[in-house]
Amino acid sequence: AEILEICSNRLTTYRKMLNLTLSQVYENTGVSSSTICNIEKGTRAPRLVTYVKLMTYYRRLEDARKAKV
């Protein structure tokens, strides 16, 4: 349960920090908005492949935005 909380908090924090909507994340990753929402609420544990896909997208976007500054 603790790992689920850490994962959901990390994903939520990154998405909000990057000012992304669930729809934007879906459009760029293919992970459905409902899946992302359930993971962020902690009602669904992310599959490893889903977690990696989301974190990879968030980190690449973060790096790209930092490079523009």
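Which residues do ring pairs link into a cluster? In this model, which is predicted, ring pairs link Y14, Y57 and Y58 into a cluster. I shall take this cluster first, and then turn to a pair of helices.

A pair of aromatic rings is described by the distance of the centres and the angle of the planes. The count here comes to two aromatic pairs. In one of them, the ring centres of Y14 and Y58 are 6.2 Å apart and the planes stand at 5°, so the pair is stacked, the limit for stacked being under 30 degrees. Y14 belongs to helix 1, residues 2-17, and Y58 to helix 4, residues 48-68, so this pair ties together parts that lie 44 residues apart in sequence.

The rings of Y57 and Y58 also form a pair: their centres are 5.8 Å apart and their planes are at 50°, so this pair is tilted.

Are these residues buried or exposed? Y14 and Y58 are both buried. For Y58 the relative accessibility is 0%. Y57 is buried too, with a relative accessible area of 16%, since buried means under 20%.

Let us now consider helix 2, residues 22-29, and helix 3, residues 33-41. Their axes are 9 Å apart, and the two helices pack at an angle of about 120°. That angle makes helix 2 oblique to helix 3. The crossing of helix 2 past helix 3 is right-handed.

Which residues meet there? From helix 2, L22, S23, V25 and Y26 meet S33, I36, C37 and E40 of helix 3. By class, this contact has five nonpolar, two polar and one charged residues.

Methods. Residues are numbered from 1 along each chain as its sequence is written. This is a predicted model: local features need pLDDT of at least 70, side-chain atom pairs count only at pLDDT 80 or more; totals for chains, interfaces and linings use all residues. Side-chain values use heavy atoms; hydrogens and water are left out. Rings of Phe, Tyr and Trp (its six-membered ring) pair if their centres lie within 6.5 Å; planes under 30 degrees apart count as stacked, over 60 as edge-to-face and the rest as tilted. Helices (H or I, at least four residues) and strands (E, at least two) are DSSP runs, numbered from the N terminus. Buried means under 20% relative accessible area, exposed over 50%, partly exposed in between (1.4 Å probe, protein chains only). Axes are lines fitted to C-alpha atoms, for helices over the stretch in contact, and angles run from 0 to 180 degrees between N-to-C directions. Angles under 35 degrees count as roughly parallel, over 145 as roughly antiparallel, 65 to 115 as roughly perpendicular and the rest as oblique. A crossing is left-handed if the near helix is turned anticlockwise from the far one by less than a right angle, and right-handed if clockwise. Contact means heavy atoms within 4.5 Å. Ala, Val, Leu, Ile, Met, Phe, Trp, Tyr, Cys and Pro count as nonpolar, Asp, Glu, Lys and Arg as charged, and the others, Gly among them, as polar.
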